[in-house]
Amino acid sequence: MIGVLSYLIFFATVASILSIAVLGLNLQWGNTGLFNGGVVAFFGAGAYGTLILGGIPQDGLIGGFQLPYLIALFGGMVIAGIVAWVVGLLTLRLRHDYLAIATFGVAVAFENLVRNAAILGGAQGIRGFERPLRDLFESALAYNAAFFVFVLTLLILTYLFLERLIASPFGRLLRAIREDETAAQSLGKSPSRVRLTAFIAGSVIMGLAGGLYATFYAFISPQDVLPILTFQIWAMLIVGGAGNNKGAVMGTFLIWAAWTASGWALSRFAPLEVQLYTGSIQFVLIGFVIVGMLMWRPQGLFPEKLVVSQSAAAKR
Amino acid sequence: MAEPILSIRNVTRDFGEFRAVDDVSIDIQTGTITGLIGPNGAGKTTLFNVLTGMLPPTSGTVHLDGQDVTRFRPDALFAMGLGRTFQIPRPFAKMSVLENVMLAPLAQSGERLWGPFFQSGKMRDQEAAIRRRAMEVLDFVTLAPLADNAAGQISGGQMKLLELARILMGDPKLILLDEPAAGVNPTLTKTLIEKIEELNRDGKTFVIIEHDMDFVMQHCDPVIALAEGRKVFEGRAEEAQSNTVLLDAYLGAQVE
């Protein structure tokens, strides 16, 4: 029983962290139409940033500044934002698939950088810090439950922030840029400024997710920022429904459940020689989910809702 | 004569070897409805794109209200009172008609990332005012009953009215319409013409690209004709009908 409970807490914590990243992507893609193919770069910048700023000094590694946890987490977000700012200035003139290719390249470059830079831990990664406030809890289970509540709180805050944002004139502006940049510019809007703002804001949110992920595992390595994570995050958004924050969170929990269940089922029921390929089979499955969804229900399980006015409806 | 609201001097625009607009100079007088005609490919839309900042001219200058605005960007020009519609309507398809219109006003404090959080009071007041004004404008262009429909789902003619409504939110002095009557049913065209004339009486200046000659002859004065990128005629509508150069340009170049 304890085992099941602790697993559920573990599952919900990871799914909540990933939900935050998916919400960040939804701001970029769902609301603004920015095809970010390099989600892991910003997720990773937040993760590495948080551990470097909050970590303990280690031989030969950069950082170990031992900043208070919340400041380190915030610093990770800032670093993700700075990376996004630079990448954005360089790539945001590109459209659609070109932007996707460029940002995908950035993410691969990021992975190679951390894999090869000895001061960033190289292939071994960076060991994190003792998880914050761990001493206050006697059992690991109680601590994990508390950490889940912390993550959930941040997920809810992110969700409320974005809901308010997209209901505002800023959200209207994002949608207009997504629908037709030329028309928006002819109405006095500056598409390049808006695109950059949305790109940075979404990436900061991804950085928050990365920071929480690194805190949770107290470890980050190049294996955590492989392209598959970008594809998983995209699958979560596409299945949930781009443009709908509720859909983004639901899609995350669904896909993460399907991912872990498929891994478990393969390791349990598949013949031994097939089990060797569990990871590859899962990659194929996630590809099927993305393609299938785009073919049969491109709007996702929870499609974007048209923003309508109560007053205009009442006038009829 | 009074200072023209728009002064185009020797504007040329090349696409590689092809000269789409060739040394065109036009003055648009305040308060007029100028008809811009010419066969397909004459360079009318290219000229519009130069005037609205979507394309830089290869050479030449454009002055708006006496100020040199050559190579200004479209957003800056809209803020200075220049509104335009598109030949093929460009609605924000997955947004409601009302949202399309509410987007247009400038300097909305809620359009900044922190606006909804740190200036929420101001934003709410602005939104209420913008919503009221948007409903008035939609009412004016007869689209109020469609306010909550997706803009991509209304008819092509209604989209043209919607584009007009959008630019009216910016209270422009000069409005450029690219083929407002093309592909629009006669009832909506009539509505559109009424609205243009009403706005013109209120002091707004129009430049209209149109192929519908009845439309141009009845409602536009002066009429300017382009052919192969050059200005071939400028004068009153009735003169245009008997102008041999113009007839040649149409008969020689246009096959329909």
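A: In chain B, 67% of the contacts with a separation of 6 or more are between residues 24 or more positions apart; two residues are in contact if their C-beta atoms, placed from the backbone, lie within 7 Å. The model is predicted, so local features need pLDDT of at least 70 and side-chain atom pairs count only at pLDDT 80 or more, while totals for chains, interfaces and linings use all residues. Residues are numbered from 1 along each chain as its sequence is written, and chains are lettered from A and ligands numbered from 1 in the order in which they are written.

The chain as a whole comes first. Chain B contains 10 helices and 10 strands, where helices (H or I, at least four residues) and strands (E, at least two) are DSSP runs numbered from the N terminus. Its radius of gyration, taken over C-alpha atoms, is 19 Å, close to the 18 Å that the globule rule gives for 256 residues, so chain B is as compact as a globular protein of that length. The globule rule is 2.2 Å times the number of residues to the power 0.38. Along its principal axes, the C-alpha trace of chain B spans about 60 × 40 × 40 Å. Buried residues make up 46% of the 256 residues of chain B; a residue is buried if 20 or more other C-beta atoms lie within 10 Å of its own, exposed if 12 or fewer, and partly exposed in between.

Next come the domains, whose bounds are taken from an automatic or database domain assignment. Chain B is divided into domain 1 (6-91 + 172-253) and domain 2 (93-153). The centres of domain 1 and domain 2 of chain B, taken over C-alpha atoms, are separated by 29 Å. The contact takes 4 residues from domain 1 of chain B and 8 residues from domain 2 of chain B. The side of domain 1 of chain B that touches domain 2 of chain B has 2 nonpolar, 1 polar and 1 charged residues. In this classification, Ala, Val, Leu, Ile, Met, Phe, Trp, Tyr, Cys and Pro count as nonpolar, Asp, Glu, Lys and Arg as charged, and the others, Gly among them, as polar.

The strands of chain B deserve attention in turn. Strand 3 (residues 33-37) of chain B has 5 of its 5 residues buried, so this strand is largely enclosed by the rest of the structure. Ile33(B), Gly35(B) and Ile37(B) point one way from strand 3 of chain B, Thr34(B) and Leu36(B) point the other way, and all are buried. Strand 3 of chain B runs parallel to strand 8 (residues 205-209) of chain B, to which 4 bridges join it; two strands pair if DSSP finds at least two bridges between them. Within strand 8 of chain B, Ile208(B) is the bridge partner of Gly35(B). Strand 3 of chain B also pairs in the parallel sense with strand 9 (residues 223-227) of chain B, over 3 bridges. There, Leu36(B) stands opposite Ile224(B) in strand 9 of chain B.

Chain B also has an open sheet of 4 strands in the order 2-1-4-5, with antiparallel pairing. Strand 2 (18-28) and strand 5 (67-68) of chain B are the edge strands, each pairing on one side only. Strand 4 (residues 59-64) of chain B pairs with strand 5 of chain B in the antiparallel sense over 2 bridges, and His63(B) stands opposite Asp68(B) in strand 5 of chain B.

The nonpolar interior is the next topic. In soluble globular proteins, nonpolar side chains tend to be buried together. A nonpolar core is a set of buried Ala, Val, Leu, Ile, Met, Phe, Trp, Tyr and Cys residues joined through C-beta atoms within 7 Å. The largest such core has 157 residues, and those with the most contacts inside it are Ala209(A) and Leu138(B). Helix 8 (residues 191-217) of chain A gives the most to this core, with 14 residues. Domain 1 and domain 2 of chain B both give residues to this core, so it lies between them. Leaving aside neighbours within four places in sequence, Leu138(B) is in contact with Val97(B), Leu98(B), Val101(B), Leu143(B), Ala144(B), Ala147(B) and Ala165(B).

Finally, there is the partner chain. Chain A has 13 helices and 2 strands, and buried residues make up 47% of its 316 residues.
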